[in-house]
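Thank you all for coming.

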Amino acid sequence: MPIQIIIEKCTGCTLCVKACPFDAIRVMDKKAVIDLNKCNLCGACVPACKFKAVLLEKPQATCVLPNIKDYKGIWVFIEQKNGKVQSVSYELLGKAQELAKKLHCEVSGVLIGNNLDDQLDELIWRGADNIYLVEAPEIANFQDEPYTNILVGLVKKYKPEILLCGATSIGRSLISRVAINIKAGLTADCTGLDIDTEKKILLQTRPAFGGNIMATIISPNYRPQMATVRHKVMQPMEPDKKRKGRIIRESFSSATYASRTKLLDIVEEIETLVNLAEADIIVSGGRGMGGKENFKILEELAHVLGAAVGSSRAAVDAGWMPYSHQVGQTGRTVAPKIYIACGISGQIQHLVGMSSSKIIVAINKDPEAPIFKVATYGIVGDLFQIVPVLTKKFKETLGK
Ligand SMILES: Cc1cc2nc3c(=O)[nH]c(=O)nc-3n(C[C@H](O)[C@H](O)[C@H](O)COP(=O)(O)OP(=O)(O)OC[C@H]3O[C@@H](n4cnc5c(N)ncnc54)[C@H](O)[C@@H]3O)c2cc1C
């Protein structure tokens, strides 16, 4: 039994009950009783007990620490769908090049699929110094088990010190399996990556505790240091057609491609009205819109600008906008050229989804609203007066 109450010492004082974050302890007949179905061995009850009546034996980790000096270079898992590299991979290559300058190392892409030769130049032009290419008809499209086997095989053979992957549905499914397999840490959904130049380790920043703080996480003892990053958070490099790279073709036995699941078909998602993630201009509304019907004035402005309409979670929770329009930590991450925030206060959970926008225009009647701290241009005033004037002016200027 990993956790026990020493009955002779327990006084039934309930201090452990109060300390347990999982509601796993009850006092029955003046003795503490632990519900092992709820207890996750966090140990919070141990120091809480003044009578030393809780005995916790945590299982010892059996991982062997890798020899960190053997690990070199930054890798990016290149996501492709139907043979086309996805833009998140270019964004990660751009960031990886920035990091590589601080580590004085090379950036490599890992590309798995079939008939992908036409994608290689662009990857090199946009930041890959090397491409590890694995091609076979069986792995033309993503499948969890074969792709995990291949990536694990390559990591074990070449030992990269950093491995980055898009926080997409493919990336999330793949990279967690890889992390378990090679016993490495993984920081999901990073919004910032940097290098501690003194210790030469990756600094992985992401929102934590419901977005109330930004946490910087390090993996000093295990390699590779692994992180996923959401689409549109990092900037891709401009293609440089003079860049040269190496293609390293790797092959695996057919057993590597074995899978307990079978890919039957790929069905393209039917696009919603707006494609927020790809839009160049987004006009977004928050609780300040005051009601569903008022979003009409944003739709008019969006129509004139050729923009998509976004919203804060408050507007989605109120039922004014569908969830597919939500921008932020639990919605979409966007990085348009222009983001116009109307009646949005600018809480951290909203900002993490849009602060990479090139120009942010905030319209808010409260001059102290936090959105003004990230705004390029701020308009203090009533959005119901300002938005229609903007629509009229843009209509005239753009000749619409
Ligand atoms: C775990 C977690 C995840 C979350 N995820 C998200 C997320 O993905 N996206 C998100 O947006 N939020 C998210 N939130 C919620 C977030 O904390 C805020 O509650 C939310 O962003 C507030 O939305 P808002 O700015 O529209 O509303 P408010 O904060 O209420 O702000 C309304 C603003 O409108 C202004 N205003 C009112 N009337 C007018 C007017 N007539 N003219 C001009 N300005 C006016 C007010 O001055 C105010 O600044 C999350 C919260 C948690 C805990």
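Predicted model: local features only at pLDDT ≥ 70, side-chain atom pairs only at ≥ 80, totals over all residues.

Residues are numbered from 1 along each chain as its sequence is written.

In total, 30 residues surround the ligand, and the closest are Gly286, Gly288, Arg313, Gly328 and Ser345; a residue counts as near if its C-beta atom, placed from the backbone, lies within 6 Å of the molecule. The elements that give two or more residues to this shell are α8 (313–317), α9 (348–351), β20 and α11. By class, the shell has 8 nonpolar, 17 polar and 5 charged residues, where Ala, Val, Leu, Ile, Met, Phe, Trp, Tyr, Cys and Pro count as nonpolar, Asp, Glu, Lys and Arg as charged, and the others, Gly among them, as polar.

Now to the sheet that contains β20. The sheet is open, with 5 strands in the order β18-β17-β19-β20-β21 and parallel pairing; two strands pair if DSSP finds at least two bridges between them. Because β18 (308–311) and β21 (377–380) stand at the edges with a single partner strand each, one side of each is left without a neighbour in the sheet. From one strand to the next the twist averages 20°, with axes fitted as lines to C-alpha atoms, for helices over the stretch in contact, and angles running from 0 to 180 degrees between N-to-C directions.

Within this sheet, β17 (residues 281–285) pairs with β18 in the parallel sense over 4 bridges, and glycine 285 stands opposite serine 311 in β18. Helix α7 (residues 295–305) lies across β17, β18 and β19 (338–342), at about 175° to β17, contact meaning that the C-beta atoms of two residues, placed from the backbone, lie within 7 Å. Helix α11 (residues 383–398) also packs on the sheet, where it touches β19, β20 (359–364) and β21, and its direction makes about 135° with that of β20.

Which domains does the assignment give? It lists domain 1 (3–56), domain 2 (68–257) and domain 3 (276–398), with bounds that come from an automatic or database domain assignment. The centres of domain 1 and domain 2, taken over C-alpha atoms, are separated by 44 Å.

Next, consider strand β15 (residues 225–229), where 5 of 5 residues are buried; buried means 20 or more other C-beta atoms within 10 Å of the residue's own, exposed means 12 or fewer, and partly exposed lies in between, with C-beta atoms placed from the backbone. Gln225, Ala227 and Val229 point one way from β15, whereas Met226 and Thr228 point the other way. Strand β10 (residues 162–166) pairs with β15 in the parallel sense over 5 bridges, and isoleucine 162 has glutamine 225 as its bridge partner. Strand β11 (residues 186–190) is likewise parallel to β15, over 3 bridges, with leucine 186 partnered by methionine 226.
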